[in-house]
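Me: I am new to reading protein models. Can we go through some features together, one at a time?

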Amino acid sequence: MIPEIQTFIENKSSSPESFDSLNKLILEVNNRNVSILMIVEDLSDTLVSTDPKVRAKGIELLIRVFCSCNIDTITPKMEVPKAMIEELTIQGYQQTVRHVIFKCYETLVDKYLDVLKTIEDTFVPGFVQTVEGEKDPRNIMIIFKIIKIIVSELNYKPYVELLLFANINDCLNYLYILFICRECLVSVPELSKFAIPQLIEKLSSRLDNTKRDALDVLIAGGDVYNFEDYSSNLDKLTEILRDEAFDNAGEVLEEDYIKAITGFTKIFSRGGNEWIDKYVDQMTTKPISYIKDFGHPRGKFSRNIICAVIKENEYAFNKLINQVFPDLMTKIVQPNPPSVQSFLMEYVKNLLSIANLQNISEDHLIYQYKDTLYREFNKLKECDDDNDFKKSMEITSIGGLYELANLKGFLSDEQDMIDSNYEWILQSTEDITVECKFYEDTMNKLIDIYDKGIEEKKNKDYLTKLLESIKNIIERGIKIEDDKSLIISCFPLFKNNILRILIKNSINQREELPNVELISSIFQKYISILAKNQIKKFNEEILSIFIDNKTLDLMEVDNTIKFEPFNENSPKSQTCLLNILISVTCEVDDTIFKNTTVKKVNEKYLNKLVDRIINTLNSYYANLASKFISLYCIRFNNEKKIQKKIKNWIEKDIYSIINSNMVFKECAIILFSWLSKVLYIKSNNDATNYAMKLISLIHNQNHDSSCVNGIKTIFDKTSYPTETEKLYTVDKTFEEKLINTLLKELITTYKNSEQGKNLSIIIALGVLLKLSDIKKIANKDEIKPIMLYALTLPNAEVLSSSIEILSVIVKIEPNELKNDLTTLVEFLLKLTKARNSPSNTIKVRVLSLRLLDLISTMYESYLLLPIKQTVLNELDSALDDNKKYVRKMAVHCRNQWFTLN
């Protein structure tokens with residue numbers, strides 16, 4: 001006997017000796033030193049041994065070698081599967097060996113499919129006989145896989161009945177192995193004759209999982225199975241479906257049955273309107289009768305069944321509406337008890353919701369009841385009766401009016417849902433919520449609508465209005481002393497759901513998510529009213545999510561995809577959520593910041609972030625990560641230590657990038673600017689040197705825009721989402737001296753630069769001037785000609801910036817431009833004309849008209865009258881502008897100049 005075989009037989013399969021001998025044997029076979037035939041000959045006594053354990057060891061060894069060796073070493077290939085089928089009685093072996101044999105079958109279909117095709121008349125019946133009665137779930141999964149391959153790759157049709165009778169019950173008994181089983185059962189239409197009746201029987205099972213999975217397979221087979229096999233079982237299917245649906249009303253399976261009822265409408269639509277009629281009639285006859293009996297306990301769920309039947313099929317919808325809607329309209333105008341009226345109007349609202357899904361036209365039956373619907377839903381909202389149904393009636397009113405607003409042309413003002421009608425609905429929602437204290441219910445509904453909207457990538461204005469309504473409700477509620485606690489109690493609802501929605505969508509999408517800053521402001525609003533211990537807990541949760549990336553306890557997300565907003569390779573959809581961390585970090589008090597944020601974000605973590613930023617090409621990530629670092633440094637209580645750390649980052653890490661020959665330095669410049677901002681706020685003299693460094697880089701066209709943005713970052717006091725005085729402690733004298741030093745440097749650089757290559761310098765000059773106090777600027781005489789010259793440049797950004805600066809000068813210190821008035825007006829008039837240059841954008845034209853308007857009020861008449869007529873003549877083009885807002889501004893400007901005396 002081959003030594004390796006002897007070792008394997010004599011030792012346990014899990015022992016190191018068996019493992020080594022098996023690997024050596026496989027290697028010998030692959031090297032063709034040993035053949036499968038030789039192994040079989042050596043195992044001859046073992047394979048026929050009367051001891052089942054010895055026989056099992058021989059079978060296990062043979063199969064493991066066969067499954068693991070290279071395909072080209074097996075000769076003759078056809079004899080192996082034949083021998084397996086003819087010689088192996090699988091159910092005669094213990095569970096472990098049976099599993100090994102089934103793995104061998106799996107290897108056969110994976111490696112030797114071409115061979116199996118030549119002996120399919122032996123393989124398919126033999127396989128069916130072999131697997132009959134198998135109960136081990138692991139083996140069942142392999143069986144399903146092989147059946148799927150048989151029906152997709154082999155000529156299965158002669159064996160369909162044999163295949164199904166042998167294994168269909170096992171398949172159905174193991175429906176919980178859902179994905180593989182469903183793929184097997186719905187693989188070919190021929191299976192439907194046998195599968196559908198037994199699946200319908202499974203709907204009466206006592207096990208919820210079996211019912212749920214049977215429904216899934218029946219619906220999944222809708223596009224594959226023969227329609228005749230559904231139609232022949234219609235009566236039994238609808239009877240069980242309807243009765244099971246009623247029995248599970250309000251239970252865990254309710255939603256599954258409702259979805260399935262809708263799915264079967266689609267399936268029976270394959271047979272045309274005749275079969276839709278049959279299905280609809282059988283499914284809705286009893287529910288309609290139950291609804292007419294308003295006290296019937298099954299009335300509410302009957303309503304859900306009817307809506308599910310007609311939800312996604314236009315013919316079914318119109319059929320039912322024509323049948324029930326006229327009687328329903330007659331009933332709702334009668335004087336009904338509150339319970340009945342609430343029930344009926346909820347029914348109407350659901351039907352209107354489906355009408356919106358069907359996108360019905362204005363000649364539809366529903367439009368005949370326009371006035372009735374509008375009146376009755378308003379009555380619900382205005383009802384003053386104090387009863388147990390008042391709350392639900394008001395919510396139904398809001399929902400019904402919302403659905404009416406969405407129907408095309410239904411209300412008198414034909415606008416879409418994100419215009420005035422929708423705003424009116426939301427305004428009504430806010431009013432009712434505050435008046436009736438429905439904070440939790442309304443917030444829950446609006447968040448749910450927002451969730452669906454962001455998932456479906458709805459219009460940003462639509463999503464914004466939903467969140468603004470939530471914010472308005474919070475702000476109105478906290479102003480009412482008794483309601484403040486109710487608003488606070490809604491915080492977990494808002495926090496958990498919004499974070500879940502954002503993180504789920506940040507993983508499923510790539511682009512920047514909408515409304516993150518608005519959501520951040522709502523969190524800030526909550527921080528302003530929460531107790532200190534609640535704020536501390538919330539800050540810890542936010543840090544855990546963003547720093548530790550721990551989201552699993554909080555929300556349902558795909559575990560295979562990580563949420564890592566501080567990873568430079570994460571998509572924008574994740575990075576943008578850093579705005580929430582930044583907003584929360586801005587608002588927590590010093591004690592909480594010190595005891596939570598500082599402990600979580602230590603020096604090692606900051607060093608890692610700095611390294612990531614300066615070595616990435618992702619400028620979007622660099623900006624938000626740098627913003628967080630700068631905010632952290634501003635709030636860090638040991639100013640001396642953190643400023644020393646900043647200087648070390650800049651001069652050792654960032655300068656190594658900025659002073660190098662690298663082409664891409666944008667991310668390093670971004671971090672450099674945010675760190676310089678910290679030193680500027682702390683009135684550190686190094687801020688001057690670092691800002692001057694930015695100016696020195698502006699001449700390089702590869703970095704000019706990054707440097708200009710860097711200057712804006714340093715001096716923009718709206719950079720952080722919080723009140724300015726909370727963070728800005730800069731010394732005013734230091735600030736004034738710094739700005740004038742930088743302006744002087746920019747002017748010098750401008751004068752020394754070549755004509756036509758100073759555009760970035762002018763933009764930088766404009767940015768700095770816009771962020772400065774004009775009165776405190778020392779060198780206005782040198783700035784003025786540069787700004788006037790900028791009005792002649794064909795660059796929209798330069799033009800807009802220059803006009804805004806000149807507007808400030810005219811308003812605050814008009815005498816500075818008194819001698820240049822004629823030149824200024826001449827330049828502005830040219831900029832009001834759209835056809836003069838593509839750079840004369842709508843913004844440039846509007847700003848020019850506003851400045852002309854301002855000039856007419858800031859200077860004495862004797863200075864303006866000489867140029868009055870020229871202005872009136874030149875404004876003709878603006879009066880005929882293709883943009884309405886420009887024409888409106890031109891009219892006002894012309895009137896101002898026309899009335900000069």
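**Pockets, cavities and packed helices**

Reply: Let's begin with the lining of the second largest pocket. It divides into 7 nonpolar, 13 polar and 5 charged residues. Keep in mind that this is a predicted model.

Me: What volume does the second largest pocket have?

Reply: The volume is about 620 Å³. The lining counts 25 residues, and the closest to the centre are N623, L624, K627, W674 and S719.

Me: Which helices each supply at least two residues of that lining?

Reply: They are α29 (516-527), α32 (578-587), α35 (619-635), α37 (666-681) and α39.

Me: Now cavities. How many of 30 Å³ or more does the structure hold?

Reply: The structure holds 2 of them. Take the second largest cavity, with about 30 Å³ of space. Its lining is made of L769, I774, I777, K780, I783, I805 and I809. Two elements give two or more residues each to this lining: α43 (780-790) and α44 (796-812).

Me: Next, helix packing. What describes two packed helices?

Reply: Two values do: the angle between the axes and the distance between the axes.

Me: Are α20 and α21 roughly parallel or roughly antiparallel?

Reply: Angles over 145 degrees count as roughly antiparallel. The crossing of α20 and α21 is left-handed.

Me: Which residues meet there?

Reply: From α20 come E314, F317, I321, V324, F325, L328, M329, K331 and I332. They meet V340, Q341, L344, M345, Y347, V348, L351, I354, A355 and Q358 of α21. By class, this contact has 15 nonpolar, 2 polar and 2 charged residues.

Me: Let's do another pair. At what angle do α38 and α39 pack?

Reply: Helix α38 (residues 686-697) and helix α39 (residues 704-715) pack at about 155°, with axes 9 Å apart. The angle therefore makes α38 roughly antiparallel to α39. Their crossing is left-handed.

Me: Which residues make the contact between α38 and α39?

Reply: On α38 they are A691, L694, I695 and L697. On α39 they are C707, G710, I711 and I714. The classes are 7 nonpolar, 1 polar and no charged residues.

Me: How do the axes of α38 and α41 cross?

Reply: They cross at roughly 25° and come within 10 Å; helix α41 covers residues 732-752. Angles under 35 degrees count as roughly parallel. So α38 is roughly parallel to α41. This crossing is right-handed.

Me: Which residues of α38 and α41 are in contact?

Reply: A687, T688, A691, M692 and I695 belong to α38. F734, L738, T741, L742, E745, L746 and T749 belong to α41. The contact of α38 with α41 divides into 8 nonpolar, 3 polar and 1 charged residues.

Me: Where do A691 and I695 of α38 make contact?

Reply: A691 and I695 are among the residues that make the contact with α39. They are also among those in the contact with α41.

Key. Residues numbered from 1 in each chain as written. Predicted model: local features only at pLDDT ≥ 70, side-chain atom pairs only at ≥ 80, totals over all residues. Heavy atoms only, no water. Axes fitted to C-alpha atoms, helices over the stretch in contact; angles between N-to-C directions. Helix = DSSP H or I, 4+ residues; strand = E, 2+ residues; numbered from the N terminus. Parallel < 35°, antiparallel > 145°, perpendicular 65-115°, else oblique. Left-handed = near helix turned anticlockwise from the far one by under 90°. Contact = heavy atoms within 4.5 Å. Nonpolar A, V, L, I, M, F, W, Y, C, P; charged D, E, K, R; others polar. 1 Å grid on protein atoms, 1.4 Å probe; cavity = no way out; pocket = protein on both sides within 12 Å on 5 of 7 lines; lining within 4 Å. Points joined across faces, edges and corners; volume = space filled by probe spheres on them.
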